[in-house]
Amino acid sequence: MAVSGTPLAIVGARGRMGRALCALAAENGFALVAAIDQGDDLEGGLAACEVAIDFSAREVAPRVAGLMAQAGKPLVVGTTGLDEQGRAAIGAAAKRIPVVFAPNFSVGVNTLFWLVRKAASVLGEGFDIEIVEMHHNQKKDAPSGTAARLAEILCEARGLDPARDVRHGREGLVGARTRGEIGMHAVRGGDVVGDHTVHFASAGERLEVTHRASTRETFAHGALRAARWAIGQRPGLYSMEDVLGLRG
Ligand code: NAD
């Protein structure tokens with residue numbers, strides 16, 4: 001029997017996210033033509049698809065992007081923790097194909113991005129900002145890609161530089177907190193899928209904005225939605241905020 005749906009390849013298919021994606025592909029209108037993991041034929045699998053989704057490892061995503069760029073087919077990248085070189089490879093691919101690259105594919109987290117951007121500008125410099133994230137004990141990178149994106153957004157809103165002004169954890173005699181820093185804290189334990197809180201604290205009041213993901217299906221649905229959206233877009237580097245129309 002012929003498979004129906006848009007031919008889709010998933011890289012990292014036997015991982016936590018990969019399994020969720022494989023399970024939901026058909027109901028989102030895709031035919032899973034390649035479920036690729038370590039030891040499988042990456043090139044052959046990608047050749048069979050019309051669009052690919054990568055949730056694998058930081059060493060793998062740049063290679064997937066190169067192959068998809070060569071083939072001229074759209075790509076969704078969910079893998080986090082990429083170094084500068086890895087991000088440059090994704091950027092280079094995006095000159096030739098549409099790439100949706102997002103640290104978090106949930107609708108809720110992308111709404112959180114939008115909310116904290118607004119909150120930082122309304123509350124102003126009188127509010128200290130701290131980011132706290134919690135994930136399961138198997139997560140390899142820290143802080144999470146989502147927390148790093150939150151820091152980027154908040155730095156943009158405050159005119160700060162993420163490389164200079166984000167303070168990762170505190171230990172020892174660190175002295176009083178400065179106005180021009182954003183604190184970042186990564187908590188690990190159990191099976192937590194992904195929690196992110198941004199604390200805005202001033203003398204006299206505190207605002208905390210929290211997102212909690214309770215299932216990986218949330219990210220999988222978002223990534224599949226991004227794959228559908230990417231087909232037919234012009235080459236470029238897109239975020240989930242673009243997919244959801246949350247820009248501007
Ligand atoms: P995981 O470790 O459970 O799965 C990763 C999979 O990639 C494994 O099955 C592994 O064997 C496979 N892999 C490794 N090398 C490979 C190769 N050369 N070719 C093909 N497959 C290979 O991890 P996970 O929890 O599924 O997360 C995967 C990535 O997605 C991580 O970077 C994680 O941070 C990220 N993530 C992103 C989002 C998001 O919304 N953007 C959400 C959850 C996780």
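Okay, let's start with helix H4, residues 84-93: its buried residues are Gly 86, Ile 90 and Ala 93. Those residues span an arc of only 60° around the axis, so they sit on the same side of H4. The arc here is taken from the directions that run from the helix axis to the C-beta atoms. Buried means under 20% relative accessible area, exposed means over 50%, and partly exposed is in between, with a 1.4 Å probe and protein chains only. Helices (H or I, at least four residues) and strands (E, at least two) are DSSP runs, numbered from the N terminus.

Quick housekeeping. This is a predicted model, where local features need pLDDT of at least 70 and side-chain atom pairs count only at pLDDT 80 or more, while totals for chains, interfaces and linings use all residues. Residues are numbered from 1 along each chain as its sequence is written, and side-chain values use heavy atoms, with hydrogens and water left out.

Back to H4. What does its buried side pack against? The partners are helix H3 (61-71) and strands S4 (75-77), S5 (98-101) and S11 (236-238), with contact meaning heavy atoms within 4.5 Å. On the face turned away from the buried side, you'll find exposed Glu 84 and Gln 85.

The largest pocket holds about 1100 Å³ of space. It has 45 lining residues, and the closest to its centre are Phe 55, Ser 56, Ala 57, Thr 79 and Thr 80. A pocket is an open set of points on a 1 Å grid over the protein atoms alone, where a 1.4 Å probe fits, with protein on both sides within 12 Å along at least five of seven lines; lining residues have an atom within 4 Å of a point.

Which element gives the most to that lining? That's H1, with three residues. By class, the lining of the largest pocket has 14 nonpolar, 20 polar and 11 charged residues, and Gly counts as polar here.

The second largest pocket has about 760 Å³ of space. Of its 32 lining residues, Arg 87, Gly 145, Ala 148, Arg 149 and Glu 152 are the closest to the centre. H6 gives the most to this lining, with five residues.

Key: Grid points are joined across faces, edges and corners, and a volume is the space filled by probe spheres set on the points.
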